[in-house]
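Try each task before reading its solution.

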Amino acid sequence: MQWAAEGKGNHNPRVAVSVLNGFAVEGLSSVAPIHITAKAGETIRLDASKSSDPDGDALTFHWWQQPEIGRTKVTIDQFDLSLATLRIPTNAKSDTIHLVCEVHDDGPFRLVAYRRIIIAIEQ
């Protein structure tokens with residue numbers, strides 16, 4: 001209603017994710033999923049600190065695994081911060097892990113944006 005009544009309003013945040021381990025990834029500031037190839041036992045550090053909000057609102061972060069995809073379950077350390085860490089279990093091979101970085105602003109209606117990270121685990 002704000003848009004219709006006043007021609008202005010809150011905007012969704014923009015999620016930018018980078019991988020700190022030196023993994024080669026593309027499209028860090030787009031909305032396309034990020035694809036990573038990793039090995040069992042590796043630790044992956046994901047950084048969403050360059051995410052922004054067009055209105056200058058403060059951001060909160062929540063990292064989570066989409067449980068319906070893949071057999072391998074991971075624990076995400078610091079899941080509620082812009083920097084998250086996860087370790088691929090040593091028994092995980094030939095599987096795919098789908099993570100989501102969920103970012104909320106603190107403006108009116110607490111708008112949200114998402115970014116998917118797809119990790120393919122090598123044999």
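**Exercise 1. Find the bridge partner of Leu-59 in β7.**

Solution. Start from the residue itself: in this predicted model, Leu-59 has Asp-105 of β7 as its bridge partner. Next, look at the two strands as a whole: β4 and β7 (residues 96–105) run antiparallel to each other and share 7 bridges.

**Exercise 2. Work out the strand order of the open sheet of 4 strands, and say which strands stand at the edges.**

Solution. Step one is the order, which reads β2-β8-β7-β4, and the pairing is mixed.

**Exercise 3. Which residues touch the most other members of the largest nonpolar core?**

Solution. The core has 25 residues, and Leu-46, Ile-117 and Ile-119 are the ones with the most contacts to other members. Now ask which elements supply two or more residues: these are β2, β3 (43–47), β4, β6 (83–87), β7 and β8 (112–121). Then zoom in on Ile-119: leaving out residues up to four places away in sequence, its contacts include Ile-36, Ile-44, Leu-86 and Leu-99. Asp-95 and Thr-96 are also among the residues that Ile-119 touches.

**Exercise 4. Where in the protein chain is confidence lowest, and where is it highest?**

Solution. Begin with the overall picture: the mean pLDDT of the chain is 88, and 88% of its residues reach 70 or more. Then compare elements: helix α1 (residues 2–6) is lowest at a mean of 57, while β4 is highest at 98.

Note on methods: Residues are numbered from 1 along each chain as its sequence is written. This is a predicted model: local features need pLDDT of at least 70, side-chain atom pairs count only at pLDDT 80 or more; totals for chains, interfaces and linings use all residues. Side-chain values use heavy atoms; hydrogens and water are left out. Two strands pair if DSSP finds at least two bridges between them. A nonpolar core is a set of buried Ala, Val, Leu, Ile, Met, Phe, Trp, Tyr and Cys residues joined through side-chain atoms within 4.5 Å. Buried means under 20% relative accessible area, exposed over 50%, partly exposed in between (1.4 Å probe, protein chains only). Contact means heavy atoms within 4.5 Å. pLDDT is the predictor's confidence in each residue, from 0 to 100.
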